[in-house]
Every structure is written in C-alpha cells, then in structure tokens.
Amino acid sequence: MQAQSGVELTVLGSWSLPKEGQEGIESFLRDLSTIFPQERWLQIRRQMGKMGFTCEVLKRHQSGGAAQEKAKKKKKEEEEKEEGEDGEEEEEDEDEKVIFVHYEQRKVMLSQIHPIDSGETDDKTGAPPELKQMFQTVASSQPLFFMDKYDDGPLKSTHWQSDGREASILVELLKQASVPLCLLLGWLLGVWTWICNIRVFSLFPLRFLSSKLSTCVQLSYRTEHMRTLSSPKAAADHTHFMRKANILVSILVDVALGVLLMWWLYRDDHIPMLANMLVPAADHVATKLEELLQWLMGAPAGLKMNRALDQVLGRFFLYHIHLWISYIHLMAPFIEGILWYGGLSACLGLSFALSLLSDMVALFTFHIYCFYVYGARLYCLKIYGLSSLWRLFRGKKWNVLRQRVDSCSYDLDQLFIGTLLFTILLFLLPTTALYYLVFTLLRMVVVLFQGVLHLSVDFINSFPLFAVGLRVTRPYRLAEGVKFRVLCEEPGTALHLLMEINPLKCSTVVQTYRSPTYSCYPRDSWAALVKKLFVGELIYPWRRKTTKAD
C-alpha cells in the first residue's frame, strides 16, 4: 500500500477484540512490538461485555511480559523510596490518559477547514494548527481509503465509492473528454483574442465605445472566465478548484436562463409586439417632456423665473426633443430587426441579454442624457463663478499651484466688475437650478434602472452557486471547525468522543468564494454623490475619479 499510494506508513500498534479461548493473544501482540523500531507501542483492546476500548502505551523496554513486570516492580520501589520531581513526572507518564476520538473518514478527507489562508501558526513550532494538520493528513491519505465503501445515495461519483455503478462511468467519460474540449476551447479563445487585437479595433472611437458599452464589458469578462476554464491542468489547490467550479456553474446557469428567455421571446411573436410598443412609448415620453418644458417656461409652482433665460432654455430643449422624435421615427422600421437579432445574444447567457438591454436603454434615452449634461454644465459654471466671486469680495483667491486659498488685493475696477457679475449670476441661478434639478431627476431615474440591470449582471457573474450548493447539500465539505460529544464513558475504559464537523455559515461562504466583479458603476459614497449633485459635477456611470487632476 505504501508503494502504491506514495504515503509513508508506520505501524503504531495493535488492536484486538478477544473472544473466549483467546487469552494468550494479548501477550503475543505485546511481544510483536519488538520487531518495530518506534519508541512507543499502542495496544488497544476491548474487554468482553463492554463498549469502550482500553489502551496501553508501552515503551520499547516494556515490550515483553517479564520486562513489563520488572518495570512495574522497579516503579513501585521508586515510588516508595523517592519523592520529588522525577517521581512525579514518571507517575504522570504512567497514568497517562488516552482519549479515543471517532470521526468519519470520508467527511474529514473531503472537507476543507476554513479559513484556508489564515496564516495561523503555533507559537512554539511555527507549524499550522493541529486541527488543520489533522485534516491535511487525512486528505493526503486518500489512497488508503480506496477499498472503503460508503452508502451515500443511489448515484455515486467515483469508482472507489460506487462499486462500479453507472454514474461513475459517466464521470470518468467526462474527465477523459474534458482535456480535448479544453484544448479546443483554448484554440477558439486564441482566435478570438487575435481578432480583438487587430489594429482597427485599437483606434480611439472603437476602443472608447468598447470600454463603455456594457455588452463589450460583459464579453471581455466572460472571455477571462473561459480562459480560466480552458486550462487543461488540474486545479492546484482548493481555492483554484472552487473558483473553476463556481465559474462553470455560473456559466451553465446563465446560459440556461438565456435559453429560457429566448424561448419566451421567439414564442407567440413577442418580439413584434415589443417593437410595436417601443415607438409609441418613446412618443409618449417625448410628449411628457414637452409638457414638462412648457410648464417650466411658464411659472412653475408659482415661482417667478427670469423670462428671457427661461424662454431660451425652453426652446433649446424643445428643439432637441423634436430632433429626437425624428430620430426615433427614422429608426422605427429597423427596431424589430434589432430586437430580433439582439434576442439571439441570449443564447450566450442572460447576462448578455441584460447588458444589451442596458445599452439599448442608454441609446433610447440619449436625449435625456444630453439635457442633463447641458443643465449640469450651465449650473456648475454658475456655482463655480459665484464661489470665485465670493472669494473676490473677501480679498482672497484660489491658488492653482498650491491647491489652496490665499489672500489677494484687488483694485476698484476689479471689485466693480466682480459685483456686476456676481449680481447677474445670482439672479439667473434659480432659473438654471430649476432646469438642472428637473433633468437631474430624470437622469437619475435612467441611471437607477441601468444600475439594477448591472447589479443583476454582477450577481450572475460573481455569486458562488457551486459553493452555496455544496454548503446546502454537503455541509461537511466546507468546515469552520469541529465539535465533540461524549460517545462512550465506562469505568475502566478510555473516554470515547465523537468528532462532528461544524459547517461554514452561508454568509461566510458567499463572502469567501464570491468572484471579483468588473462593474462599470462607481462605488462612491452617498456623501460624495450628494456633493457632486450639489455642485453640478457630471455623474458618469463608468467614470471613477482617482486624483484631483481628473
């Protein structure tokens, strides 16, 4: 067995279940220890009529019966004559307690103790904790348990558990077919990478659009996943194996949901129905925007606005709405074809369909984005102009080089011009702020809808389905620790404990095995978001500031 498995084996002792007429076997097993080199010999036996075992720890000079009797006599003489530390140590060694810990070999062998890379070591030896060492030792001794048979359900997944049932044959066939399949997948990914690296796709417009479109981002994300799965090498450790398994299950579930969506779209002519509903919906939104602008050009909520600026802004936005309606009616004959061919992307997975929907929403609400940008830029210009002129009144200015406010002296002409500009900007601010507020709310509704779509895509991409399923169906595979309960405690026998595995919490499983995401939405705090909205900074769904220079 040592030559076959490659695991170093050592005989630790003997155990026996004596029956009537086999009284002499104990001395034979005790004398058997003389042919083995270890210092201590364990002799385990169970007395008739008892459930527990007794264990004797014999040292090398105590292997024979006579030697054991001499050692006992000598021990008694030393106990009578000597009192001190040496005698106490020998007495503790003689009365050494033995505890039997029973555990299920298969569960311990297949389980993984967490945290995996905690870095915890023993303070004295610098080795990993004893519990983790025990789990690793049992896991490395897997070839020793090949002959064991377990009854864990009607279908088995390996030969050493299945006794040659059909499920193990299917698993072995899949293992044999996985290598050429990985090679074919790797070749296809190499061709796809070569196509993406063509110089035409590296030009600025295409590169910029590919980095901002959700469909292209999802395509690059799935390409990285397929590269991970196409590696023909086996997983190096438990973390790598769980990552591969989570990615594989995530892709399979994603494709299954996408096929289900395709079945619904192409069944009973749902795509023409959606195409016929889209253009009237766009016209309805444009009509509501026109009514909103007409309301803003009057006296909204009884507020007295600047008449000239109000009319200029209202007519400017109305002109953009007319352009947008013309664009929608120009694209109306092609909408059904776009939806029909776009629905085919669901065969790649539900995440691709949701990403394409997010891009279509961004395309059909481009006029709302333009309104928001115009209003935000105008409002931001007035806010920063008012703050700069307010510093002028206090005799201060913004030092661009030192990034701070310094004192400065102004002459009379500068103060006069500053007063005129401050008055003009201050009285025009309410009109601009009202337009900015309305279009910012509309923009936030669109961003919120796209955010829900992106969160759904990120959930599909990153949620560890395999790990959660393993936690539900086989909780012992992901262990957080162990617990013990008394199995047998009889006088004259050793204490017997049953070791049970504490499964990892579901929240910890999700946190440990969740895949990293490439969400294009910024993770700004609520305070930073409110500050940006107040000063009129643009809220891009893809941009994230890193330095002040941005």
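Guide: Buried means under 20% relative accessible area, exposed over 50%, and partly exposed in between, with a 1.4 Å probe and protein chains only. By that rule, 33% of the chain's 550 residues are buried. This is a predicted model, in which local features need pLDDT of at least 70 and side-chain atom pairs 80 or more, while totals for chains, interfaces and linings use all residues. Residues are numbered from 1 along each chain as its sequence is written, and side-chain values use heavy atoms, without hydrogens or water.

The chain holds 19 helices and 9 strands, taken as DSSP runs numbered from the N terminus (H or I, at least four residues, for helices; E, at least two, for strands). Counting contacts (heavy atoms within 4.5 Å) between residues at least 6 apart in sequence, 68% join residues at least 24 apart.

Now to the sheet itself. It is open and built from 4 strands, in the order S4-S9-S8-S5, with mixed pairing; two strands pair if DSSP finds at least two bridges between them. At the edges stand S4 (99–102) and S5 (112–113); each has a single partner strand, so one side of each is left without a neighbour in the sheet. For S4, the pairing with S9 (residues 495–503) runs in the parallel sense over 4 bridges. Look for Phe100 there: the residue opposite is His496 in S9.
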